Amino acid sequence: KRFELFPAVSLGWVPSNETFWAPIKKVISHLKVRGSYGLVGSDETGLASGAAHFLYKNQVNMNTGSYFNTGVAEGSTIYFQGPAVTQYATENACWERSKKFDIGLDLHLFNELFITLDYFNEQRYNILMARSSWPSLLGYGSAVPWSNIGEVRNMGYELSLSWKRELISGMYIDLRANLTYTRNRYEYIDEPDYPYPWLRKTGNPISAIYGYEAVGLFRDWEDIETSPSQKNLGSEVMPGDIKYVDQNGDGMITSDDIVMLSPYGNIPGIQYGFGLNWTYKNFDFGIFFTGSANRTIMISGIAPFCSDDGNQDRNLMKFIADDYWSESNPDPRAAYPRLGVSKPQVANNLVASSYWIRNGNFIRFKTLEFGYSFKIARVYLSGDNIAVWSPFKLWDPELTFDAYPLQRTFNLGVQFKF
């Protein structure tokens, strides 16, 4: 379906403009109730995920199928390569659709306090996905079929507050704050028939973090021998390596033991900001803070000294140097497990696990400005990215460890008026 209709409607009413509102006009000076509902479409065909651009076409390559022979000629077996289907057409391919609903209000109290509140709910469906629930015994080989079957829901609230008032003659203050709270989840993903319920993602948050559940570090060889085998994780397990929970009880740590470690990922579920502007005669002052909550950081994959792996960092971070497991420091709660000089020696410790989960919440002192105005100019001092407070102490919680850090800057300037 190349053409589809996506209708939408929005309504608003300002009851504070009605005559019956006059008795409370001084208290609630403005009230507006509004709402909208509509359909939105996306014609993205999933190229980034591996889907074909022309979904309606079957594609066959005549020389990439299985080999067969037709007998022997002059002492040599004659082989030919048959055709292979490289893409199956997507039946009834259509647009990805989204039902968007929003309801909100704008409220002014005493002509001083301004409030904006919104609730939004979005249901995306007909999302193009590869058919993971179809077993390979159906014979499609590498040409996995695609269908418009995925479904996702996103909902949340947005709140904005502003309070403006003249405190005394010539002194004005403007306090402001905002808050955004969001939740999302997979309503449906086409998944294999997993043998264990914790492997399914349907019903889970989109940004959830998955990995192995860690229970500290191995104390000694006896601890290793009496624990489930972790040989499938790529390295020989030794004392000081991370120890994982065998979720299904089969005596082996495999991909079947991966669980959801946190419903929150790197994208925060709560974002907020607050600040104020203050003026008195020729003086002015402004300050603003931003923050994030319901956020988790996964720091797995950091492997110092692994010179055989070009994707790993060879430098040693301070938190590792200060507290890593060693024979002289056999602490099962060390900040970093046993070190190694090559990835095959420490692969067990590089997989995503709860050992590497950190609280990524933070509050940032974003801006500060102080000024004084003359008749022809304004002199000011300002600062950006002044400070950040977070339970995460290893690097800036808003960035990755290998990103260029945010600079703390201070400016002294003059603005002339002409």
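## A tour of the salt bridges

Begin by selecting Arg-34 and Asp-102, whose side chains meet in a salt bridge at 4.0 Å, N to O, the term meaning a side-chain nitrogen of Lys or Arg within 4 Å of a carboxyl oxygen of Asp or Glu. This pair links distant parts of the chain, with Arg-34 in strand β2 (residues 28-42) and Asp-102 in strand β7 (residues 96-109), 68 residues apart; strands here are DSSP runs (E, at least two residues), numbered from the N terminus.

The model is predicted, and local features need pLDDT of at least 70 while side-chain atom pairs count only at pLDDT 80 or more, although totals for chains, interfaces and linings use all residues. Residues are numbered from 1 along each chain as its sequence is written, and side-chain values use heavy atoms, with hydrogens and water left out.

Then select Lys-100 and Glu-122, which form a salt bridge with their closest N and O atoms 3.2 Å apart. Lys-100 lies in strand β7 and Glu-122 in strand β8 (residues 113-130), so the pair ties together parts that are 22 residues apart in sequence. Lys-100 is partly exposed at 36% relative accessibility, whereas Glu-122 is buried at 18% (buried is under 20% relative accessible area, exposed over 50%, partly exposed in between, with a 1.4 Å probe and protein chains only).

Finally, move to Arg-364 and Asp-396, whose side chains meet in a salt bridge at 2.7 Å, N to O. Arg-364 sits in strand β19 (residues 362-373) and Asp-396 in the loop between β20 (377-389) and β21 (409-416), 32 residues apart, and both residues are buried.

Definitions and conventions: Helix = DSSP H or I, 4+ residues; strand = E, 2+ residues; numbered from the N terminus.
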